[in-house]
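Hello,

Here is the structure I promised to hand over. Please open it first, then read my notes below.

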Amino acid sequence: MSDTLTMSEQEILDQITSEVADNRVFLYMKGTPEMPRCGFSNQVVQILNHLEVDYGARDILVDPRIREVLSGWSDWPTIPQLFVDGKLVGGCDIVTEMFQDGELKDLLAK
Amino acid sequence: MAGRRLADWPTPRNRAGATVSGDRPPPSLSWGAMADLSELTAMIESALPGSTAEVIDQGGGDHLAATVVAPQFAGLTRLEQHKLVYAAVQTRFDDGSIHALALRTRAPEAT
């Protein structure tokens, strides 16, 4: 992951749109999959790991502008945010509910 | 879930950052506005005519959970359903009376 601190907000937005376009499953989270720094982010990581999904992730805590730019672009206020096939699926509540209902597995298996 | 006990609250501090003793914070410190659950239910049900909403307190008065069944949800993704509910109560997030609202949403069963 490249360091965003020297990037402009436009460059951060370009990075987000390419991450979401280039990775079938991409998670914006607090912390990293190896070391989540928020219970909600951790829960989504645990679900993705349980489903043995290949996914990319970005830690939004390294630069506060990532979250501002991301939420402005996705129109979703909270973190984590899970994207599949370029579309925002949701945050912890929605991902958890879809996991429990089996919908998430179906979506990821497509 | 039980409400938060006094011991769970952060230690009150005054504007100079000094710890404030006593059981209650001084008037300059806010305990946080308590959300009015029946008002929130009414806000959701009026924004989504025909819906039924149930809002409960998960502790502390500002961490809430809602279950909403609305005909407007038919054909929408969960994300779109949640956005409709958040929009209905946005003013209560803006004024700080809600800090978190966990949602379960669905369209009514087809008849």
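Start with helix 2 and helix 4 of chain A: they cross in the left-handed sense. A crossing is left-handed if the near helix is turned anticlockwise from the far one by less than a right angle, and right-handed if clockwise. Helices (H or I, at least four residues) and strands (E, at least two) are DSSP runs, numbered from the N terminus.

Some ground rules. This is a predicted model, where local features need pLDDT of at least 70, side-chain atom pairs count only at pLDDT 80 or more, and totals for chains, interfaces and linings use all residues. Residues are numbered from 1 along each chain as its sequence is written, while chains are lettered from A and ligands numbered from 1 in the order in which they are written.

Back to the helix pair. The axes of helix 2 (residues 39-50) and helix 4 (residues 92-101) of chain A come within 9 Å and cross at roughly 30 degrees. Axes are lines fitted to C-alpha atoms, for helices over the stretch in contact, and angles run from 0 to 180 degrees between N-to-C directions. That makes helix 2 of chain A roughly parallel to helix 4 of chain A (angles under 35 degrees count as roughly parallel, over 145 as roughly antiparallel, 65 to 115 as roughly perpendicular and the rest as oblique).

Which residues meet? From helix 2 of chain A come A:Phe40, A:Gln43, A:Val44 and A:Ile47; from helix 4 of chain A come A:Cys92, A:Val95, A:Thr96 and A:Phe99. Residues are in contact if their C-beta atoms, placed from the backbone, lie within 7 Å.

Now the sheet. Chain A has an open sheet of four strands, in the order 2-1-3-4, with mixed pairing. Two strands pair if DSSP finds at least two bridges between them. Strand 2 (56-59) and strand 4 (87-90) of chain A are at the edges with a single partner strand each, so one side of each has no neighbour in the sheet. Strand 1 (residues 25-29) and strand 3 (residues 81-84) of chain A pair in the antiparallel sense over four bridges. There, A:Val25 stands opposite A:Val84. Helix 2 of chain A lies across strand 1 and strand 3 of chain A, at about 160 degrees to strand 1.

Last, the two chains together. Their contact takes seven residues from chain A and six from chain B. On the chain B side, helix 2 (78-88) and strand 3 (100-106) each supply at least two residues. The predictor gives the complex an ipTM of 0.78 and a pTM of 0.76.

Best wishes

Technical notes: Two residues are in contact if their C-beta atoms, placed from the backbone, lie within 7 Å.
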